[in-house]
Amino acid sequence: MKTILITGASSGIGAATAGYFQARGWNVVATMRTPASGLDLANLENVHLARLDVTDAKSIATAVAEGIDRFGQIDVLLNNAGYGAYGALEAFTMDRIRRQFDTNVIGLIEVTKAVLPHFRQNRSGTVINISSIGGQITFPLGALYHGTKFAVEGLSEALHYELEPLGIRVRIVQPGMIQTNFGGSSFDFAMDENLSGYTPMAEAMGRLFGRLASNPSAPETVAEVIWDAANDSSDRLRYRAGPDAEALLDARKQQDDAVFIGGIKQKMAP
């Protein structure tokens, strides 16, 4: 029986993936900052809840050790924990900027480093990193979020080549708009009343995101793609999740910068 360790498993994509893999006979190490928020998962057979904060090295090491001790080994790591910071770059303090990168990038690296010795010893394992369509295309006011997701794409692609000779696979999953808590506790929006010059753009982005989010995919849609990525024996790197991800990324691939950016500006118009 195989085992997956999931970060950010208390809700959204993480929780859906935990349930999806458990229902298909896998062991699940469901990690989250506050395990009490994952009691629904705790009642499932072959699910182990562990505290893991991607910004806390000790909690990472403890959670990985607990997972291996409980189930014997870990076969797949899903780096899912993260959040989105949006707003004018000027409006963010350096503490908030560092928190975005510490969570979405440094935390992902630290969890991966904690699991890699185990994978390398077994000469097998799969690292799946949750990126976003925002890892290949950008929108105004998203410099921080897109910066982290572009970083995830780059480091994942490099690791794909670095780890393949050791029997370790790396996957990137790129969701589009998903029915998650991204607009709630997983969202950090910054705007300063003294930066009124950005107000028209913020209003335009609100309209654009309203259109893009009018028909979001369910988290289970991403869980299905993660399942495919975990069980794919090929050397494929990127997997898209959701019809809007397919449409937006295909449009980006087929157009040069001027045409694509012009299209985004047009969508932002009243």
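Predicted model: local features only at pLDDT ≥ 70, side-chain atom pairs only at ≥ 80, totals over all residues.
**View 1. Helix α3 and its dimensions.** Helix α3 covers residues 57-71, and its 15 residues, at 1.5 Å a residue, should span 21 Å, which agrees with the 22 Å that separates its end C-alpha atoms. Just after α3, Gly 72 takes a positive phi of about 95 degrees.

View 2. Ser 59, Ile 60, Ala 63, Val 64, Gly 67 and Phe 71 are the buried residues of α3. Seen down the helix axis, these buried residues of α3 fall within an arc of 130 degrees, so they line one face of the helix. An α-helix has 3.6 residues a turn, so residues three or four places apart point the same way. The exposed residues Lys 58 and Asp 69 are carried on the face of α3 turned away from its buried side.

**View 3. The surroundings of the buried face of helix α3.** The elements against which the buried residues of α3 pack are the strands β1 (3-6), β2 (27-32) and β3 (47-51), together with the helix α4 (94-122).

**View 4. Asp 56 at the N-terminal end of helix α3.** Asp 56 caps this end of α3, with a side-chain oxygen lying 3.2 Å from the backbone nitrogen of Lys 58. Asp 56 also forms a salt bridge with Arg 51, in which the closest N and O atoms are 3.4 Å apart. Both partners are partly exposed, Asp 56 with a relative accessible area of 26% and Arg 51 with a relative accessibility of 41%.

**View 5. The salt bridge between Glu 153 and Arg 238.** The side chains of Glu 153 and Arg 238 meet in a salt bridge at 2.8 Å, N to O. This pair links distant parts of the chain, since Glu 153 lies in helix α5 (residues 143-163) and Arg 238 in strand β9 (residues 238-241), 85 residues apart. Glu 153 is buried, with a relative accessible area of 4%, whereas Arg 238, at 26% relative accessibility, counts as partly exposed.

View 6. Because Arg 238 lies in strand β9 and Glu 157 in helix α5, the pair ties together parts that are 81 residues apart in sequence. Glu 157 counts as partly exposed, at 28% relative accessibility. Through salt bridges that share partners, Glu 153, Glu 157 and Arg 238 are joined into one network. A search of the whole structure finds five salt bridges.

Technical notes. Residues numbered from 1 in each chain as written. Heavy atoms only, no water. Salt bridge = Lys/Arg side-chain N within 4 Å of Asp/Glu carboxyl O. Buried < 20%, exposed > 50% of the residue type's maximum accessible area, 1.4 Å probe, protein only. Helix = DSSP H or I, 4+ residues; strand = E, 2+ residues; numbered from the N terminus. Expected span 1.5 Å × (residues − 1). Arc of directions from axis to C-beta. Contact = heavy atoms within 4.5 Å. Polar contact = N/O pair within 3.5 Å; in protein donor to acceptor, adjacent residues only side chain to side chain.
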